[in-house]
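I opened my notebook to look through a protein chain by chain feature, one entry at a time. Come and read along with me.

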Amino acid sequence: MDFFSPLVQVFQQSAMTFYIVVTIFGLAVGSFLNVVIYRLPKMMELAWQQDYQQYFNQDAEQPKVKFNLALPHSHCPKCQHQLSALDNIPLISWLLLRAKCRYCKTPISVRYPAIEAFTGLLSLLVAMHFGVTEHTLIYLVVTWCLIALSFIDIDKMLLPDQITQPLLWLALLLSVTGYTVSPTDSLIGAAAGYLSLWSVFWLFKLVTGKEGMGYGDFKLLAIFGALLGWQLLPLIILLSSVVGAVLGSLMLLIQGKNKATPIPFGPYIAAAGWIAILWGKDITSWYLGTMGL
């Protein structure tokens, strides 16, 4: 801690310096999240295929090419040319290259800088809300995980255990160390978050014979229950349901798809939970005040 004391003092004396540093770091993390969002599902698919081959065809040759979050190095998907450090500067490289590959001039999707900017913006909001405290670090990590989970769910209808399970354990441990809610509220919140959606899932399946959501959604709500306590779960469920219904319907309408088309629910839970982290107590107090309670 002594090593970081001078840096903390600088941040405490200059809020603007703190915000700038957090935003720049958030942009860099956003660049890494682009890698996670693209590669983690593929890593999972490769692992499932390898497990299948090992079980049903034990003589099958294992792939020699490594594919993980570090390898292969970043490259253009079109010309396969390895990208240099100058090609990977968050936002700036995309702008300087005019949204095209330096080598083959293939257009680069606006999604990459958008995720970087989105991560930087949310990181700034967290820093402004919690200030120079341990809570900023905690909720920055949570925010970054939520961004990765949301975009993976949008792409693959999947919320990977590789992210949700460590995040759930982190939330439970934070309650024990006194950084969040009490251990009792955290444990009850985790159980209530999971079981509430689990119950809805099975009720919907018994009535319609269809699966209305995935198990990853249960785990994601359990994370917020463990992090914020059971008291904020009704707000998160209400916000995610309303936003999900409105935006989901609009997306289906714009894309010209019918109402039976499945849509990912994870991003709406993530958005509602993130709002509850920053303003959940204020929203609840305002609502109870308007009801005269």
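This is a predicted model: local features need pLDDT of at least 70, side-chain atom pairs count only at pLDDT 80 or more; totals for chains, interfaces and linings use all residues.

**Entry 1: charged pairs**

I started with K219 and D161, whose side chains meet in a salt bridge at 2.5 Å, N to O. This pair links distant parts of the chain, with K219 in helix α8 and D161 in helix α6, 58 residues apart. I noted D161 as partly exposed, since its relative accessible area is 30%.

Buried means under 20% relative accessible area, exposed means over 50%, and partly exposed lies in between (1.4 Å probe, protein chains only). Helices (H or I, at least four residues) and strands (E, at least two) are DSSP runs, numbered from the N terminus.

Residues are numbered from 1 along each chain as its sequence is written, and side-chain values use heavy atoms, with hydrogens and water left out.

How many salt bridges does a search of the whole structure find? I got five. Side chains of opposite charge can pair when their charged atoms come close.

Next I looked up E45 and K156, which form a salt bridge at 3.9 Å, N to O. E45 sits in helix α2 and K156 in helix α5, so I wrote down a link between distant parts of the chain, 111 residues apart. E45 counts as partly exposed at 30% relative accessibility, and K156 is also partly exposed, at 42%.I then turned to D87 and R102, a salt bridge whose closest N and O atoms are 2.7 Å apart. D87 lies in the loop between α2 and α3 (92-96) and R102 in the loop between α3 and α4, so the pair ties together parts that are 15 residues apart in sequence. D87 is buried, with 9% relative accessible area, whereas R102 is partly exposed at 39%.

**Entry 2: the overall layout**

I stepped back to see the whole protein. It has 10 helices and zero strands. Along the principal axes, its C-alpha atoms fill a box of roughly 65 × 60 × 40 Å. Of its 293 residues, 35% count as buried.

**Entry 3: the loop between α2 and α3**

I looked up S74 and found this residue in the loop between α2 and α3. S74 counts as partly exposed, at 29% relative accessibility. How far apart are the C-alpha atoms of S74 and S84? They are separated by 8.2 Å, and the two residues are 10 residues apart along the chain.

**Entry 4: rings**

My search of the whole structure for aromatic pairs gave 11. Rings of Phe, Tyr and Trp (its six-membered ring) pair if their centres lie within 6.5 Å; planes under 30 degrees apart count as stacked, over 60 as edge-to-face and the rest as tilted.

Y194 and F218 make an edge-to-face pair, 5.5 Å centre to centre with 80 degrees between the planes. Y194 is in helix α7 (residues 183-208) and F218 is in helix α8 (residues 215-228), 24 residues apart, and the pair links distant parts of the chain.

F265 and Y268 make a tilted pair, with 6.4 Å centre to centre and 50 degrees between the planes. F265 counts as partly exposed at 21%, and Y268 is buried at 10%.

I also noted one aromatic cluster, formed by Y194, F201, W202, Y215 and F218.

A charge came up here too: the charged end of R39 sits over the ring of F67, 5.6 Å from its centre. This label applies if NZ of Lys or CZ of Arg is within 6 Å of the ring centre and within 35 degrees of the ring normal.

**Entry 5: the nonpolar core**

Which residues have the most contacts inside the largest nonpolar core? They are Y139, L220, L227, L228 and I277, in a core of 54 residues. Elements giving two or more residues to this core include α2 (15-56), α4 (111-130) and α10 (266-290). The largest share, 11 residues, comes from α5. A nonpolar core is a set of buried Ala, Val, Leu, Ile, Met, Phe, Trp, Tyr and Cys residues joined through side-chain atoms within 4.5 Å.

**Entry 6: a nonpolar patch on the surface**

Last, I found a nonpolar surface patch made of L238, V242, V243, V246, L247, L250, L253 and I254, with about 770 Å² of accessible area together. Patches are made of residues with over 30% relative accessible area and no salt bridge: like charges are joined within 9 Å, nonpolar side chains (Val, Leu, Ile, Met, Phe, Trp, Tyr) within 5 Å. Accessible areas come from the Shrake-Rupley method with a 1.4 Å probe, and for residues only the protein chains shown count as cover. L250 counts as partly exposed, at 43% relative accessibility.

Key:
A salt bridge is a side-chain nitrogen of Lys or Arg within 4 Å of a carboxyl oxygen of Asp or Glu.
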